[in-house]
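Please look at the sequence and the 3D structure below before reading on. The report after them describes selected parts of the fold in plain terms.

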Amino acid sequence: MLPYAAYLRVYEPLSAFPESERTMWAEYAESRDRPRRANALNVEHAESVTRLLGKPPQPVPAQESPNAYLRRVEDRLYVCPWQTRLRSWLAFSRLRGATPKKMMDRLVPKAIADQTADDFDRYKRGAGASGLRTHIRTTAWHVPQAWFVPFDANERWLVLGTANPGQDVTTATGRNLIYVTSMAQARRRAARALQVVRKHLGTAPANLDVEDVARWLEEFHPHSLVELDYGGLVHLMNDDALQADQSVAELSAALTGLDTGQEELAYAMYQRVILRWKSMQSLESAN
């Protein structure tokens, strides 16, 4: 797990899980030893670094994570399992498929890489399609445009945090930029966006990206919650940048402009989003 990553999460109601898992997650929610929301990302990151820096490196944990992100709305508990093992397998498969063989062998010894791939193949044969469903999507150095679609500007929750004297504000703790919405709203907005891009953009990449998110949301309980978390990206943005980031509102305005024939408005709003995140992505290759 990279430190500068954003996350799209689905929290399902406890009732959506099999009975054995309902008992487990209910007990987990009452535990005093579980990682709390404030430091959960740090715990996830520390675990992944420990595995990857080990000798030999361990691309995928031997067991699935027992942890989850939790939300409570009134008396209802919502659960988003970390699924660290499954997510690591999926990330490893993507990395191996996109990395030249010689470079991959330098990152992970071939014997370990082959064993990891074989383990995943065995898991897939036994798990079926539903066993590959992840509650968390992760992306490094940016937020994909399609991830803004399920949300409304009024669902934005920004906490700037406080820096110690002499500390740069971008390393302050307690910084968050999060959106949370109901699954019903998320699906409705995704369907509307998909309709607009299909009508006006045809087979453009934006169409495929929105469709991918819409299909993913359909895999979960209809009474779930959906969350966009800027995660570690908030530490790359100062207070002014975070306050000015209205990507959800801008993309929504772009879609509305596109659908109502206001092409200049649509272009201007879309460009704001594009340029903001291109600038962020460029930090990946900066010295």
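## About the model

This is a predicted model, in which local features need pLDDT of at least 70, side-chain atom pairs count only at pLDDT 80 or more, and totals for chains, interfaces and linings use all residues. Residues are numbered from 1 along each chain as its sequence is written, and side-chain values use heavy atoms, with hydrogens and water left out.

Helices (H or I, at least four residues) and strands (E, at least two) are DSSP runs, numbered from the N terminus.

## Helices α6 and α7

Two packed helices are described by the angle between their axes and the distance between the axes. Here an axis is a line fitted to C-alpha atoms, for helices over the stretch in contact, and angles run from 0 to 180 degrees between N-to-C directions. The axes of helix α6 (residues 183-201) and helix α7 (residues 205-217) come within 9 Å, with a crossing angle of roughly 155 degrees. That angle makes α6 roughly antiparallel to α7. In these terms, angles under 35 degrees count as roughly parallel, over 145 as roughly antiparallel, 65 to 115 as roughly perpendicular and the rest as oblique. The crossing of α6 and α7 is left-handed, a word used if the near helix is turned anticlockwise from the far one by less than a right angle; clockwise is right-handed.

Which residues in α6 meet α7? On the α6 side they are Met183, Ala186, Arg187, Ala190, Ala193, Leu194, Val197, Arg198 and Leu201, and on the α7 side Ala206, Asn207, Val210, Glu211, Ala214 and Leu217. Contact means heavy atoms within 4.5 Å. By class, the residues of the contact of α6 with α7 are 11 nonpolar, one polar and three charged. Ala, Val, Leu, Ile, Met, Phe, Trp, Tyr, Cys and Pro count as nonpolar, Asp, Glu, Lys and Arg as charged, and the others, Gly among them, as polar.

## Helices α3 and α5

The axes of helix α3 (residues 84-98) and α5 come within 11 Å and cross at roughly 125 degrees. The two helices are therefore oblique to each other. The crossing of α3 and α5 is left-handed.

In α3, Leu86, Trp89, Leu90, Phe92, Ser93 and Arg96 meet Ala113, Asp114, Thr116, Ala117, Asp119, Phe120 and Tyr123 in α5. The contact of α3 with α5 has eight nonpolar, two polar and three charged residues. Threonine 116 lies in helix α5 (residues 110-127). With a relative accessible area of 8%, threonine 116 is buried. Buried means under 20% relative accessible area, exposed over 50%, and partly exposed in between (1.4 Å probe, protein chains only). Not counting residues up to four places away in sequence, threonine 116 touches Pro59, Val60, Trp89 and Phe92.

## Nonpolar cores

A nonpolar core is a set of buried Ala, Val, Leu, Ile, Met, Phe, Trp, Tyr and Cys residues joined through side-chain atoms within 4.5 Å. The largest nonpolar core has 37 residues, and those with the most contacts inside it are Val143, Phe148, Leu217, Leu228, Tyr230 and Trp277. At least two residues of this core come from each of β1 (5-13), β6 (176-182), α6, α7, β7 (225-229), α9 (247-259) and α10 (263-281). α6 gives the most to this core, with seven residues. A second, separate core of 10 residues includes Ala5, Ala40, Tyr78 and Cys80.

Aspartate 245 is in the loop between α8 (239-244) and α9. Its relative accessibility is 0%, so aspartate 245 counts as buried. Leaving aside neighbours within four places in sequence, aspartate 245 is in contact with Arg156, Tyr230, Met237, Arg276 and Trp277.

The peptide bond from lysine 55 to proline 56 is cis, with omega near 0 degrees. Proline 56 lies in the loop between α2 (40-52) and β2 (68-73).

Glutamate 74 is not a glycine, yet has a positive phi of about 55 degrees. Its loop runs between β2 and β3 (76-81). Is glutamate 74 buried or exposed? At 77% relative accessibility, glutamate 74 counts as exposed. Tryptophan 141, also not a glycine, has a positive phi of about 70 degrees. The loop between β4 (136-140) and β5 (156-159) holds tryptophan 141, and this residue is buried, with a relative accessible area of 15%.
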